[in-house]
Amino acid sequence: DRAGDYRILHEADLRDYLAGLPDIAALLGGEASSWAITEVGDGNLNLVFIVKGASGGIAVKQALPYVRLVGESWPLPLSRAHYEYLALSKQAQLAPGLVPAVLHHNEVLALTVMELLEPHIIMRRGLVAATRYPRFVEDITTFMARTLFFTSDLALSAAEKKEAIAAFAGNHALCKITEDLIFTDPYRIAEQNRWTAPHLDGLAASLREDLELHVAVSRLKLKFMANPEALIHGDLHTGSIMVTDSQTRVIDPEFAFYGPVGFDVGAVLANLLMAYFASAGHERAPGDRAAFEAWVLETVEQVWTEFARKFLDLWRAGGTGDAYPVSLFAGEQGAARLEAERQSYMQRLFADTVGFAAAKIIRRIFGLAHNIDFELIEDPRTRAVSEARAVRLARAMMVETASFRIIADVTNAARKLR
Ligand code: ADP
Ligand code: MG
Ligand code: MG
Ligand code: MG
């Protein structure tokens, strides 16, 4: 029973295990006994160790058979490590240099050894500190455009696409977390929910009675469940992005599956918008983060426009998938009609993106998993003010999605609420 061979690797076991991998041991250098091993996992699900030797370092991620944030009472399949490995490998191929290189994977131990990202930090932390990242737009839009386009029916044959869907279909336990925690629980009484109380008690109650919102979020949930458009990262928040001034790396694709493209793009926009609203709560003097806040909204705009531009360019240059047969769009008129259709595809994708972004905001304020953008605002009154502004925008984005026609409609609405 191979699954029976799983064990949680504590520091000493990990040292022995790595010493038995010649390439990894050589990369680390020196005696195994001299390697420095630190557990740094700050995520909700897994263990992550950083190991440093005389000549190099690595990161080691191991899945636990349960949700780390909650404990053994909430089991979660180890197979998520397999899907993360599969997704990382695909992303490395499609978006070279934008994910950590995989150095070793052990299916039974649900363990992956990766390139150590150093001196990268989690982007969310940088945003709390009002740091601007000049490479971010370029890198994240390349990552999204390439991973999403090349795994879609616009690029793949029907057979390739369905095989690829099948390869990720077993990751349904991770999808279920999203289905429950993002699309359902924040809108009902659920044991795991929490919010800044008592300040947001009224807002939490109004969300639970808001049937227009319940319809809108249920439509998004159905779209998430029933639209295998492309291989999505599935957890593309600013805690899954590691950065320096000059580099961007996307980590942690354990939620990857074939789902709606707008879910990933919406995740990035939602997390930037939350950084924007939270920023007021991190001011030391009025206006001292104004330049940062302007950069965040500019970045929201550029993430959408650059993503859309790159995705469309990939489609124009390589729309070889089975979805839009070239033979149906022959000649000049055909080409023009196809180009107009590409534009309306992007308009629908924009609406999905706006809706999913809204869902990602609301879950961080009323659901189980919160983010440090808001959580590090110590004064609960100040935090509640930032959170309530974000929720007002999110409600409008979800229920009145059609009134947001272009990305500037989103940033203008955000600016008015600040
Ligand atoms: P989880 O699935 O539990 O959220 P993550 O993959 O997000 O785990 O990793 C948790 C933390 O470990 C990250 O926030 C980051 O600080 C650190 N980490 C993960 N991968 C690397 C890496 N390749 N290099 C350096 N640090 C990493
Ligand atoms: Mg994570
Ligand atoms: Mg996480
Ligand atoms: Mg994770």
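The legends below describe close-up views of a predicted model. Local features are given only where pLDDT is at least 70 and side-chain atom pairs only at pLDDT 80 or more, while totals for chains, interfaces and linings use all residues. Residues are numbered from 1 along each chain as its sequence is written, and chains are lettered from A and ligands numbered from 1 in the order in which they are written.

**View 1**
Contact involves 19 residues of domain 1 and 22 residues of domain 2, where two residues are in contact if their C-beta atoms, placed from the backbone, lie within 7 Å. On the side of domain 1 that touches domain 2 there are 12 nonpolar, four polar and three charged residues. In this classification Ala, Val, Leu, Ile, Met, Phe, Trp, Tyr, Cys and Pro are nonpolar, Asp, Glu, Lys and Arg are charged, and the others, Gly among them, are polar.

**View 1. The largest nonpolar core.**
This core has 113 residues, and L269, L273 and I361 have the most contacts inside it. Helix α10 (residues 261-279) supplies the largest share, 14 residues. At least three residues of the core come from each of domain 1 (8-115) and domain 2 (121-417). A nonpolar core is a set of buried Ala, Val, Leu, Ile, Met, Phe, Trp, Tyr and Cys residues joined through C-beta atoms within 7 Å. A residue is buried with 20 or more other C-beta atoms within 10 Å of its own, exposed with 12 or fewer, and partly exposed in between, with C-beta atoms placed from the backbone. Helices (H or I, at least four residues) and strands (E, at least two) are DSSP runs numbered from the N terminus. Setting aside residues up to four places away in sequence, I361 touches A270, L273, M274, A390 and A394.

**View 2. The surroundings of ligand 1.**
Ligand 1 is surrounded by 20 residues, of which G43, N46, A59, L117 and D252 are the closest. A residue is near a molecule or strand if its C-beta atom, placed from the backbone, lies within 6 Å of it. Strands β2 (46-52), β3 (57-63) and β7 (111-115) each give two or more residues to this shell. The shell holds 10 nonpolar, five polar and five charged residues. Domain 1 (8-115) and domain 2 (121-417) each provide at least three of the shell residues.

**View 4**
A hairpin is formed by β2 and β3, with four residues between them. These two strands run antiparallel and are joined by seven bridges; strands count as paired if DSSP finds at least two bridges between them. N46 has A63 in β3 as its bridge partner. Five bridges link β3 and β7, again in the antiparallel sense, and K61 is opposite T112 in β7. Because five of its seven residues are buried, β3 is largely enclosed by the rest of the structure.

Three strands in the order β8-β10-β11 make an open sheet with antiparallel pairing. Its edge strands, β8 (121-122) and β11 (248-250), each pair on one side only. Strand β10 (residues 241-243) is joined to β8 by two bridges, and I121 has V243 in β10 as its bridge partner. F143, in helix α5 (residues 136-149), contacts A95, L98 and V250 when neighbours within four places in sequence are left aside. F143 is buried, with 26 other C-beta atoms within 10 Å.

Most residues other than glycine have a negative phi, and most peptide bonds are trans. The peptide bond from E118 to P119 is cis, with omega near 10°, and P119 lies in the loop between β7 and β8. A110 has a positive phi of about 55° and sits in the loop between β6 (102-106) and β7. D252 has a positive phi of about 60° and belongs to the loop between β11 and β12 (257-259). A110 is buried, with 25 other C-beta atoms within 10 Å, and D252 counts as buried with 25 C-beta neighbours inside 10 Å.

How values were computed: Domain bounds come from an automatic or database domain assignment.
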